[in-house]
Amino acid sequence: MRIPSAIITGMALVVMLTSCGSGGDSDTPTGPNRPPPKVASLGPFVGECGHVTDDEVRNLAGLGQISRVYKNATGCNWQAAGLSSPSVTFASYRGSPIEREKAWVSNVGRNPQTIDVGGRPGFQALDPEGTVCDLAVQLDDDFFEWSMSTGLFATGGNPCDRTRKLAELTVGRLE
């Protein structure tokens with residue numbers, strides 16, 4: 001009786017030992033090796049509404065009477081009264097690639113041109129009708145953008161000239 005008991009006990013031990021382990025080193029990752037995530041280098045603080053006042057937007061954009069429609073942690077928007085009226089928008093993007101924005105303006109039919117504003121690289125893109133301009137400036141891993149639409153009844157020249165003046169104010173006032 002001892003031999004059958006010893007065989008059963010031995011087989012039970014073998015089954016338990018083989019079912020417990022994975023056979024591999026549990027300290028090594030099972031998936032592909034990935035590089036550590038990149039930590040964005042925050043650029044300078046661009047301030048509320050790009051450090052630009054309502055009066056400066058009104059004067060530099062040449063829009064006459066405008067109202068600030070919204071202001072939040074990432075941007076501001078000003079509009080003149082009336083349907084299809086002129087508007088100006090400022091937006092700040094933390095840890096976001098400027099190339100994504102450049103690709104977006106290309107996809108909507110604007111041709112981005114490389115620019116420099118106060119020693120900072122960026123781009124400006126004017127739509128084919130000459131009524132909408134997006135101007136973005138790189139700040140380390142961040143960027144900000146001024147965008148202007150002259151509205152349905154455009155007057156006063158190229159909106160990129162006006163958004164550039166706003167961007168120059170923002171860059172000149174960086175903290």
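Is Cys49 buried or exposed in this structure? Cys49 counts as buried at 6% relative accessibility, where buried denotes under 20% relative accessible area, exposed over 50% and partly exposed the range in between, computed with a 1.4 Å probe on protein chains only. The model is predicted, so that local features need pLDDT of at least 70 and side-chain atom pairs count only at pLDDT 80 or more, whereas totals for chains, interfaces and linings use all residues. Residues are numbered from 1 along each chain as its sequence is written, and side-chain values use heavy atoms, with hydrogens and water left out.

Cys49 is located in the loop between helix H1 (2-20) and helix H2 (54-61); helices (H or I, at least four residues) and strands (E, at least two) are DSSP runs, numbered from the N terminus. The phi of Cys49 is positive, near 55°, in a residue other than glycine. The loop between H1 and H2 also holds His51, which is not a glycine either and has a positive phi of about 60°.

An open sheet is formed by 7 strands with antiparallel pairing, in the order E1-E2-E3-E7-E6-E5-E4; two strands are taken to pair if DSSP finds at least two bridges between them. Strand E1 (66-71) and strand E4 (111-117) stand at the edges with a single partner strand each, so one side of each has no neighbour in the sheet. On average, neighbouring strands of this sheet are turned by 15° against each other, direction ignored. Between E1 and strand E2 (residues 75-80), the antiparallel pairing extends over 5 bridges. The bridge partner of Lys71 is Cys76 in E2.

Helix H3 (residues 98-107) packs on the sheet and touches E4, strand E5 (120-126), strand E6 (132-139) and strand E7 (142-149), contact meaning heavy atoms within 4.5 Å. The direction of H3 makes about 15° with that of E5; axes are lines fitted to C-alpha atoms, for helices over the stretch in contact, and angles run from 0 to 180 degrees between N-to-C directions. The buried residues of H3 are Ile98, Glu101 and Val105. They lie on the same side of H3 because they cover an arc of only 60° around the axis, the arc being that of the directions from the helix axis to the C-beta atoms. An α-helix has 3.6 residues a turn, so residues three or four places apart point the same way. The buried residues of H3 pack against E4, E5, E6 and E7, while the face turned away from the buried side carries the exposed residues Glu99, Arg100 and Asn107. Helix H4 (residues 159-172) lies across strand E3 (87-93), E4, E5, E6 and E7, and runs at about 145° to E7.

In the loop between H3 and E4 is Val108, which is partly exposed with a relative accessible area of 42%. Val108 and Asp127 are 19 residues apart in sequence, and their C-alpha atoms are 8.5 Å apart in space. Gly109, which follows H3, has a positive phi near 95°.

Ser92 lies in strand E3 and is buried, with a relative accessible area of 19%. Not counting residues up to four places away in sequence, Ser92 touches Val46, Thr74, Phe143 and Phe144.
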